[in-house]
Amino acid sequence: LRSQEIISAGLKRIAPEIPMLSEEAEAVPFEERRRWDWLWVVDPLDGTNNYAHGYPLFCVSIGFVVDRQPVVGVIYNPLLDELYTAEIGKGAFLNGLPIHASETADLGSALLASGFPYGVWNRPDDNLTEYQRLVKRAVSVRCDGCAAADLIHTAAGRLDGYWEQEIEP
């Protein structure tokens, strides 16, 4: 919650007119969100369970959306002091240096990451069958509990891919 407060205060200082949608903030009805032309989208602590258990993989994620299209994204890993940035048409960067996805095309040679959506333990439509298939076909599959980190590591070529099944509510 403290991370949320700090980010919210900073964004309000630089652009007080732009609303913010955040995982830790009060829910905003979908119809109201659809009317917003500009929007900050914030996850003040992706990997909350990791953080709470002292597992050293968590990130802060901030995106800027215009007309429902993401245009800028920033993910920060404070433990590694890694700042990932991306902007439409300009590429993606790690601490200011360009990054590129892996060129690995063969699943049998791929190092992958995957995750499990919240609530999966209470649902019959989990992704365990698909996860098992990946584990048996790829070099290895990581499940670190921080989707933002998995996605930036994929963008930087540290991982060859990321997969998470979307579970319907």
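**Aromatic pairs and a buried aspartate**

In this predicted model, the rings of Phe, Tyr and Trp give a count of three aromatic pairs, taking centres within 6.5 Å as the rule. Trp40 and Phe64 make up one of these, with 4.8 Å from centre to centre and 50° between the planes, and that makes the pair tilted. Trp40 sits in strand β2 (residues 38-46) while Phe64 sits in strand β3 (residues 59-66), so this pair ties together parts of the chain that are 24 residues apart in sequence. As for burial, Trp40 has 14% relative accessibility and counts as buried, because the cut-off for buried is under 20%. Phe64 is buried too, with a relative accessible area of 14%.

Tyr51 and Phe58 are a pair as well: their ring centres are 5.0 Å apart and their planes meet at 90°, so the pair is edge-to-face. The label follows because planes over 60 degrees apart count that way. Phe58 comes out at 10% relative accessibility, so Phe58 counts as buried.

Asp43 is part of strand β2, and at 14% relative accessibility Asp43 counts as buried. What does Asp43 touch, leaving out residues up to four places away in sequence? The list is Glu23, Cys59, Val60 and Ser61.

Note on methods
Residues are numbered from 1 along each chain as its sequence is written. This is a predicted model: local features need pLDDT of at least 70, side-chain atom pairs count only at pLDDT 80 or more; totals for chains, interfaces and linings use all residues. Side-chain values use heavy atoms; hydrogens and water are left out. Rings of Phe, Tyr and Trp (its six-membered ring) pair if their centres lie within 6.5 Å; planes under 30 degrees apart count as stacked, over 60 as edge-to-face and the rest as tilted. Helices (H or I, at least four residues) and strands (E, at least two) are DSSP runs, numbered from the N terminus. Buried means under 20% relative accessible area, exposed over 50%, partly exposed in between (1.4 Å probe, protein chains only). Contact means heavy atoms within 4.5 Å.
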